[in-house]
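Please try each task on the structure before reading its solution.

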Amino acid sequence: MTIKYQRILVPLDGSELGESALAHAMYLALLSGADVTLLYVVPTIEHVIGSAQMPIPIDIQWDVLRAQALQYLTGVVRRSESGASKVHVAVELGGEAEIILAVAAREPPDLIAM
């Protein structure tokens, strides 16, 4: 029996432990010709507002954090040997578990690799 994946979702958090599932996901993508989506969830940023001497507007914080996350994901794509048909990157704002489930509900993957 051959399992054929079409879409694989890989949530990443920037840690080495988080990236440990990446090699497995990319290997399965290579075998199946699956598309891979790398997802980075930026946690809500209310805690940052109170920590700055001069508060930075939330939209500017989001833009900066989103840009950093996209830079990280782009680096991950470059470092990984991808046999996937396509590798997509996505950055979302919110609670990690809730966002992973929401993304999975929007575009159901055959596998979530964590």
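**Exercise 1.** Does R106 count as buried, partly exposed or exposed, and at what relative accessibility?

Solution. This is a predicted model, in which local features need pLDDT of at least 70 and side-chain atom pairs count only at pLDDT 80 or more, whereas totals for chains, interfaces and linings use all residues. Residues are numbered from 1 along each chain as its sequence is written, and side-chain values use heavy atoms, with hydrogens and water left out. The classes are set by relative accessible area with a 1.4 Å probe and protein chains only: buried is under 20%, exposed is over 50%, and partly exposed lies in between. R106, at 51% relative accessibility, therefore counts as exposed.

**Exercise 2.** Describe the order of the elements in the protein chain and the confidence of the model.

Solution. Helices (H or I, at least four residues) and strands (E, at least two) are DSSP runs numbered from the N terminus. The protein chain has five helices and four strands, and from the N terminus on they follow the order β-α-α-β-α-α-β-α-β. For pLDDT, the predictor's confidence in each residue on a scale from 0 to 100, the chain has a mean of 86, with 83% of its residues reaching 70 or more.

**Exercise 3.** Determine which residues of helix α5 are buried, and explain how they are arranged around the helix.

Solution. In helix α5 (residues 96–106), the buried residues are I99, I100, V103 and A104. Seen down the axis of α5, these buried residues fall within an arc of 135 degrees (taken from the directions from the helix axis to the C-beta atoms), so they line one face of the helix. The spacing follows a general rule: an α-helix has 3.6 residues a turn, so residues three or four places apart point the same way. On the other side of α5, the exposed residues are E98, L101, A105 and R106. Contact means heavy atoms within 4.5 Å, and the cover over the buried residues of α5 includes β1 (7–12), β2 (35–42), β3 (87–93) and β4 (111–112).

**Exercise 4.** Locate the salt bridges of the structure and state which elements each one links.

Solution. A salt bridge is a side-chain nitrogen of Lys or Arg within 4 Å of a carboxyl oxygen of Asp or Glu, and the structure holds two of them. In one, the side chains of R79 and E19 meet at 2.8 Å, N to O. R79 lies in helix α4 (residues 58–79) and E19 in helix α1 (residues 16–19), so this pair ties together parts that are 60 residues apart in sequence. R79 is exposed, with a relative accessible area of 53%, while E19, at 21%, counts as partly exposed. Another joins R106 to E92, with the closest N and O atoms 3.2 Å apart. This pair links distant parts of the chain, 14 residues apart, with R106 in helix α5 and E92 in strand β3. E92, at 23% relative accessibility, counts as partly exposed.

**Exercise 5.** Is S32 buried or exposed, and which residues does S32 touch?

Solution. S32 is found in helix α2, and at 7% relative accessibility S32 counts as buried. Leaving aside residues up to four places away in sequence, S32 touches I3, K4 and Y5. For the whole chain, 32% of the 114 residues count as buried.
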